[in-house]
Amino acid sequence: MKKTKIIFWLSTGFIFLMEGIMPMSTLLFMPEYMNAGTKPLGYPDYFAVTLILFKFVGALTILLPSMPDRLREWAYAGLTFNLVFAVISHIVVDGNITFILTPVVVLGILALSYFSSKKMSVTKVQERRKGMILQGA
């Protein structure tokens, strides 16, 4: 369980930095660069602002353990969709292998966060059941 928690916190922390803090800091402190990743792909400026806000909220949602499971599932799904569509956009528009592989790597780390989160949830349920059985005996 300890190894799973370490994997979860490292991967989720990385996602929070990459998908939450970095884009939000760009929006707040260097707004002239907020569309640096979306403009070359042909997306309008308002799309960049919306994407930044949703990425921050999604990354924060998976980081906070007190969030409801269903909301966390939607946050993981939203971040996954974002990364998959980033890969597709880069393949179609510029074909730059670095721009294509970056979201693939982040998606792999997001998957690591998701599966370690699921493993921790299953372990918690098993521990609760085990505790209930011991109390009843």
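Predicted model: local features only at pLDDT ≥ 70, side-chain atom pairs only at ≥ 80, totals over all residues.

Q: At what angle do the axes of helix H2 and helix H3 cross?

A: The axes of helix H2 (residues 45-63) and helix H3 (residues 69-93) cross at roughly 135° and come within 9 Å. H2 and H3 are therefore oblique to each other. Their crossing is left-handed.

Q: Which residues of H2 and H3 make the contact?

A: On the H2 side they are Leu51, Lys55, Gly58, Ala59, Thr61 and Ile62; on the H3 side they are Leu71, Arg72, Ala75, Tyr76, Leu79 and Asn82. Sorted by class, the contact of H2 with H3 has 7 nonpolar, 3 polar and 2 charged residues.

Q: How is the packing of H1 with H3 described by angle?

A: Helix H1 (residues 2-29) packs with H3 at an angle of about 55°, and their axes are 13 Å apart. That angle makes H1 oblique to H3. The crossing of H1 and H3 is left-handed. H1 contributes Phe8, Thr12, Ile15 and Glu19 to the contact, while H3 contributes Arg72, Tyr76, Leu79, Asn82 and Leu83. By class, the contact of H1 with H3 divides into 5 nonpolar, 2 polar and 2 charged residues.

Q: What does Ser113 touch, leaving aside residues up to four places away in sequence?

A: Ser113 touches Phe8, Ser11, Thr12, Ile62 and Tyr76. The side chains of Ser113 and Tyr76 are also joined by a polar contact of 2.7 Å. Tyr76 is among the H3 residues in the contact with H2, and it is among those in the contact with H1.

Q: Why does Thr102 count as partly exposed?

A: Partly exposed covers the values between the cut-off of 20% for buried and that of 50% for exposed. Thr102 has 39% relative accessibility, so it counts as partly exposed. Thr102 also lies in helix H4.

Q: How far apart are Thr102 and Phe47 in sequence and in space?

A: Thr102 and Phe47 are 55 residues apart in sequence, and their C-alpha atoms are 20 Å apart in space.

Conventions
Residues numbered from 1 in each chain as written. Heavy atoms only, no water. Axes fitted to C-alpha atoms, helices over the stretch in contact; angles between N-to-C directions. Helix = DSSP H or I, 4+ residues; strand = E, 2+ residues; numbered from the N terminus. Parallel < 35°, antiparallel > 145°, perpendicular 65-115°, else oblique. Left-handed = near helix turned anticlockwise from the far one by under 90°. Contact = heavy atoms within 4.5 Å. Nonpolar A, V, L, I, M, F, W, Y, C, P; charged D, E, K, R; others polar. Polar contact = N/O pair within 3.5 Å; in protein donor to acceptor, adjacent residues only side chain to side chain. Buried < 20%, exposed > 50% of the residue type's maximum accessible area, 1.4 Å probe, protein only.
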